[in-house]
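Me: I have a model open and would like to learn how to read its features one at a time. Could you walk me through it?

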Amino acid sequence: MRRGLTIFLLTNLLIIIFLIRSVFTLLTLLIEDGAADAIHPAEIPAPNSPLIDDRKQLIPKIIHQTYANDTVPERWREAQKSCIDMHEDYEYKLWTDVSSRELIATEYPWFLGTFDNYSQPIQRADAIRYFVLNHFGGIYIDLDDGCNRRLDPLLSYPAWVRRTHPTGISNDAMGSIPHHPFFTLIIESLIPYNRNWKLPYITVMYSTGPLFLSVIWQEYKRGRGSEVSSFLGTPGSSGRWDGTEDHRVRVLMGDEYNKQPWAFFRWHGGSSWHGSDARLIFWMGRHWMLLTASGFLVAGIVGLCIWWIYGRVLLLGQRRRKGGKCADSNSRGASGTAWAQRIPLWRRGSSKGYELIERHEV
């Protein structure tokens, strides 16, 4: 019994270790606040401050946005216009479905099959923003994000993303120099992470969306680059952080993003791609403590049931082995007794023979 208990506990321990290893990066996001890489308010000159001109410009002055075609919906035109009007000296690129596919087909043909086969249009909209930042550099802004001030101070960082709630980073506002190793890792990771999770919201979030970006961000900081390059057969890729400031990814926190009068952006409403399944995910997010406790309770009940079944099977096997031994022993004993009881008793009657004097029968 002790041996069976040991095997059972070791098996469950291995399963738990495997599950934790599989979701380790997701678990690290629960305690990641981005503070170590935050762009602090003291680093950012005030709007129209002469100190802005003294900062070194690293990111090219390009604003990227995406939409299905050239006709942007009315509800987002004010936000779009605010960014264009404030940055007349910036190049503006609106990436449509046609121009996005042309860029992939011309510059990244190895990704064209995946790009065309995405089940959700928003996945292509997500993917192209990573490719244009990797290829051209610049700043990407969602159409529902309007500009509240000029973005010049953000050009001084080799790459930046913004912190999102409740954890991780978002892909609605990002900036980068061309071919930054973080964005190299992102575009190389799109194929390995292209999986269908049945629910469209989860599929989008974990294949191209903010959750995918957050996971790659964590892996980039841990130095994971060679695994993706090996998967794609692209040796020599630099998709990893080498610890230098040039390759560091800075994080724009909530206050600097859109929560203060001096923030860089103003939100105009969006998330038009969310389906009915998103309501379930949002509900789960609001009640994550209840779901976590329920999960542990269910796991405990399942573990006890498995242990009970295992114990019953083990006990049944022991009984069968004991029963077999007893039956075999009884069979041999009964056979021997019967054989002995059927042996006739003889005595020598003369020198020439024997005579039967008694016979025992059962």
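Reply: Gladly! Let's begin with burial: a residue counts as buried when its relative accessible area is under 20%, as exposed when over 50%, and as partly exposed in between. Keep in mind that this is a predicted model.

Me: Let me try that on Asp 37. Is Asp 37 buried or exposed?

Reply: Asp 37 has a relative accessible area of 7%, so it is buried. You will find Asp 37 in the loop that runs between helix 2 (24-29) and strand 1 (62-66).

Me: Which side chain makes a polar contact with Asp 37?

Reply: That is Arg 248, whose side chain is joined to that of Asp 37 by a polar contact of 3.0 Å. Leaving out residues up to four places away in sequence, Asp 37 touches Lys 221, Arg 248, Val 249, Arg 250 and Val 251.

Me: Now rings with rings. How do I read an aromatic pair?

Reply: A pair of aromatic rings is described by two things, the distance of the centres and the angle of the planes. Searching the whole structure gives 16 aromatic pairs. One of them is Tyr 67 with Trp 76, an edge-to-face pair with 6.3 Å from centre to centre and 80° between the planes.

Me: Why is that pair called edge-to-face?

Reply: Because planes over 60 degrees apart count as edge-to-face, and here the angle is 80°. As for burial, Trp 76 is buried at 8% relative accessible area, whereas Tyr 67, at 26%, counts as partly exposed.

Me: Which residues do ring pairs link into a cluster?

Reply: Tyr 108, Trp 110, Phe 111, Phe 115, Tyr 118 and Phe 131 are linked in this way.

Me: What about the nonpolar cores?

Reply: The general idea is that in soluble globular proteins, nonpolar side chains tend to be buried together. In this model the largest nonpolar core has 35 residues, and Phe 111, Tyr 130, Phe 131 and Phe 182 have the most contacts inside it. Two or more residues of this core come from each of helix 4 (97-107), helix 5 (112-117), helix 6 (121-135), strand 5 (159-163), strand 6 (169-176), helix 7 (181-189) and helix 9 (210-221). Apart from this core lies another, of 19 residues, including Ile 39, Leu 151, Tyr 157 and Phe 265.

Me: Which residues other than glycine have a positive phi?

Reply: Asn 48 is one of them, with phi near 70°, and His 179 is another, at about 60°. Asn 48 lies in the loop between helix 2 and strand 1 and is exposed at 75% relative accessible area. His 179, in the loop between strand 6 and helix 7, is partly exposed at 49%.

Me: Last, how confident is the predictor?

Reply: The chain has a mean pLDDT of 81, with 73% of its residues at 70 or more. Over residues 226-238 pLDDT stays under 50, and the model has 15 contacts for them beyond four places in sequence. Residues 273-279 are also below 50.

Note on methods
Residues numbered from 1 in each chain as written. Heavy atoms only, no water. Phe/Tyr/Trp six-rings, centres within 6.5 Å; stacked < 30°, edge-to-face > 60°. Buried < 20%, exposed > 50% of the residue type's maximum accessible area, 1.4 Å probe, protein only. Core = buried A, V, L, I, M, F, W, Y, C linked by side-chain atoms within 4.5 Å. Helix = DSSP H or I, 4+ residues; strand = E, 2+ residues; numbered from the N terminus. Polar contact = N/O pair within 3.5 Å; in protein donor to acceptor, adjacent residues only side chain to side chain. Contact = heavy atoms within 4.5 Å. pLDDT = per-residue confidence, 0-100.
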